[in-house]
Amino acid sequence: MRSEVASLPGSPERPNEDWVAAAPTTSDGGGTVVLLDGVTPPAGDDGCVHTVPWFTARLGGALTELSGSRRDMPLSEILSLAIRRTADAHRDTCDLSHVRTPQATVVLARWDETRVEHLVLSDSVLLLEAPDGTVRAVLDDRLDRVPDEVRRSLEATDRLRNRMGGFFTAAADPAVAARAVAGTTPRAEVRALAALTDGASRWVELFGEGDWTDCFGVLREEGPAGLLHRVRTLEAADARTGGPRRWKLHDDATAVYAELGDRRAAVPRVSPPSGR
């Protein structure tokens with residue numbers, strides 16, 4: 001396993017609410033990747049005395065420990081247990097029933113010599129690259145289905161948060177783990193993977209600089225830091241020209257790239273697009 005990680009805060013005045021870890025499990029030739037994007041609450045009461053970074057560190061730490069140590073548990077059960085552990089850590093001090101209680105998007109990937117497991121909850125992205133260079137994006141697009149006019153209203157968005165017909169995040173209810181997009185792929189069909197928070201996936205989803213295969217090429221050639229530099233450059237140009245950005249000029253942006261060590265073929269070196 002070879003991995004690279006990069007993360008940038010959306011603003012120097014605010015703490016980075018993303019959380020990421022990549023760890024090998026040498027006993028079975030595998031590894032695990034955990035990526036969280038903390039949900040920034042609007043100003044006002046959210047029923048919790050803790051910060052979003054506190055929450056993502058607790059949840060991310062539990063997910064990393066459990067995904068490495070409990071190989072017998074499916075990722076959905078691991079997410080459920082990690083949410084319960086995190087909720088128990090502040091159940092006595094906070095109102096966990098509040099709709100805006102600290103929460104996060106989740107990407108989990110775990111592999112051994114035979115298979116690659118994945119789980120995605122909300123709008124972060126997992127990319128799986130096959131030995132032939134084909135890239136598959138694993139997406140939970142339920143938030144994207146919410147119309148922009150609804151998302152501009154905090155009250156309207158809250159009515160869809162962690163509700164059927166709306167979208168789901170990891171907050172305080174362990175049952176949400178069953179709503180995640182999850183699956184398994186034979187190890188021989190995945191030679192590398194990457195995970196992106198939506199601040200990093202803007203390169204594809206907001207600015208349209210390439211598709212997911214192009215994005216994977218950037219990650220391979222320039223690393224996660226190179227992709228984040230490209231995103232920040234596009235955001236700065238967008239601010240000058242009044243381009244397609246939405247609510248935030250910059251968002252917390254995190255990317256992780258991991259090569260699983262496919263034994264049959266080396267990863268070819270290809271030149272990613274230079275951007276426009």
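Modeller: The largest cavity is lined by Ser122, Asp123, Ser124, Val125, Leu139, Asp140, Asp141, Asp144 and Glu205. This is a predicted model, in which local features need pLDDT of at least 70 and side-chain atom pairs count only at pLDDT 80 or more, while totals for chains, interfaces and linings use all residues. Residues are numbered from 1 along each chain as its sequence is written, and side-chain values use heavy atoms, with hydrogens and water left out.

A cavity is a set of points, on a 1 Å grid over the protein atoms alone, where a 1.4 Å probe fits but cannot get out; lining residues have an atom within 4 Å of a point. The structure holds one cavity of 30 Å³ or more, and about 40 Å³ of space lies in the largest cavity. Volume here is the space filled by probe spheres set on the points, which are joined across faces, edges and corners.

Five strands form an open sheet in the order β1-β10-β9-β6-β7, with antiparallel pairing. Strands are DSSP runs (E, at least two residues), as are helices (H or I, at least four), numbered from the N terminus; two strands pair if DSSP finds at least two bridges between them. β1 (2–8) and β7 (135–138) are the edge strands, each pairing on one side only. Helix α5 (residues 198–205) packs on the sheet, touching β6 (125–129), β9 (192–196) and β10; contact means heavy atoms within 4.5 Å.

Conventions. On a 1 Å grid over the protein atoms alone, a cavity is a set of points where a 1.4 Å probe fits but cannot get out, and a pocket is an open set with protein on both sides within 12 Å along at least five of seven lines; lining residues have an atom within 4 Å of a point. Axes are lines fitted to C-alpha atoms, for helices over the stretch in contact, and angles run from 0 to 180 degrees between N-to-C directions.
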